[in-house]
Amino acid sequence: MAESKTKSQKLSPKKDTWVDRISDLPESLICHILSFLPIQEVVATSILSSRWQHLWTLFSRLDLDSKTIGDSLSCGQGQCKPFSFGHIVSTLLTLHRAPYLRTLRLKCFLCRKCSRLDKWIGNVVERNLEELDLQIYGDYLFWKLPQSIFSCKTLVVLNLNGAIVLDPPPSFQFPSLKILRLVQIVYRPDSVFRLLSGCPVLEDLSFQRQALKAVFKHKICASTLKRLSITFGQHDFDGSDFGSLDYKLEINAPALEYFKFEGHLRDIVFLHKLDSLVQADVYISSFEAHTFGVGWEDDRHRNECCADRVFNFLAALYNVKLLSFSSSRLKCLSYGSACLSQFQNLVQLDFKVYAWTWHMLQALLQNAPNLEVLFVTHKSRGYLKHNVCWKEPPDDPNNLTSCLTSFCYKGFGFEHVLEFVKYILKEARVLKKATIHVRGHDRKLKESIVKKISRFPRCSMTCLLTVN
């Protein structure tokens, strides 16, 4: 009883609430805890005590967003903010005294006083900056990336997004830069080539553009590059403004392990074989502007050329092990011959099939002798006028029977689709798991389809079949 009473006295709220336990922690740990708060709340902690007054100035990470900081400084509805965002950032950087700044994330709208922005960058690059994330937006205003940034030897990650003009000097070095992301920025001639020439250890590059006012011609040359992501236009774009996207891209990245392409396919050339490629994700939504004019669907030669462009693009990825492919509205693919290269190393295929790409799927299956995992998603409800659908090959080259162990189909239960499922179950001799998801039908019809699939003959006696 006496012991219990003593403990309760020690833990009494009246006696313990005034104890400042957090201040007893090491400065490094307190800074780590505060790093999870918005910068405006962190600065506000300086009023707690004399010890906390300068803690925020030791932060190694600054996240400055004009929207969140501006909103937090609002005096009330319809009232003015006491300080501008530019004034606040200038003050923060002046008072910030940490010699080592790991990360700066700056998101703001561009004003005509670009010199202030130049000073901010000049301030942070002198403090062993490792990660710089700039998201700059402006209405018809553009900001040229200052030359001071190209003197930063410690930069590991660089993200440039928005109204930023890239025009690097002829000679410079980012000796530590490994990750580079370029999103919706403006490029000067040969700016990409000059930038990459100064990045001797670059491993990850992301490129994104939605529209181009002129022909975009650049060369990506990076011997150390392992990951490359390219986006031109929006995936599943409606095709109303294709004329604003025209480009030629030459890629020389022999060490590439991961490649992603999304959007409008124009002129992409691989200058070196991709012998190290492991994974590729390809989502093509359109081609050139003139292929979508009036009567384009009746011009067989033009559509065959477009289809061949896709097949040649895929052929360059022949060494890939994991492949994901989708083509949303490219009905012209039904005109191509789909003469694909041998994908000897392909072990997993994720294929979004439309009515006009069944022959591509068939060609891939016939040219992937070591395929182990197959995901097929049927994305089209209707048929083309010449009724392109799955057709069982006249003879099976033992591709499916030798290696395929897992098969998953999601989509509609059309008759020709069921023939495809039937073919897989009949030919895959070592299949261990097959999962079929049927959708888009009324309940009774769906139940009949499920029963029909369940009765399909299976070559593999150990296959676990699940039909939903």
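**View 1. Helices α6 and α7 are roughly parallel to each other.** Here, an angle under 35 degrees counts as roughly parallel, over 145 as roughly antiparallel, 65 to 115 as roughly perpendicular and the rest as oblique. The model is predicted, with local features needing pLDDT of at least 70 and side-chain atom pairs counting only at pLDDT 80 or more, while totals for chains, interfaces and linings use all residues. Residues are numbered from 1 along each chain as its sequence is written, and side-chain values use heavy atoms, leaving out hydrogens and water. The axes of α6 (residues 85–95) and α7 (residues 114–125) cross at roughly 20 degrees and come within 11 Å. Axes are lines fitted to C-alpha atoms, for helices over the stretch in contact, with angles from 0 to 180 degrees between N-to-C directions. Helices (H or I, at least four residues) and strands (E, at least two) are DSSP runs, numbered from the N terminus.

**View 2. Residues of α6 meet residues of α7.** On α6, Phe-85, Gly-86, His-87, Val-89, Ser-90 and Leu-93 take part; on α7, Arg-116, Trp-120, Asn-123 and Val-124 do (contact: heavy atoms within 4.5 Å). By class, this contact has five nonpolar, four polar and one charged residues.

**View 3. Strand β13 (residues 258–264) is largely enclosed by the rest of the structure, because six of its seven residues are buried.** Buried means under 20% relative accessible area, exposed over 50%, and partly exposed in between (1.4 Å probe, protein chains only).

**View 4. β13 pairs with strand β15 (residues 279–286) in the parallel sense, over seven bridges.** Tyr-258 stands opposite Gln-279 in β15. Strand β11 (residues 227–232) also runs parallel to β13, joined by six bridges; Phe-232 has Gly-263 of β13 as its bridge partner. Pairing requires at least two DSSP bridges between two strands.

Conventions
Ala, Val, Leu, Ile, Met, Phe, Trp, Tyr, Cys and Pro count as nonpolar, Asp, Glu, Lys and Arg as charged, and the others, Gly among them, as polar.
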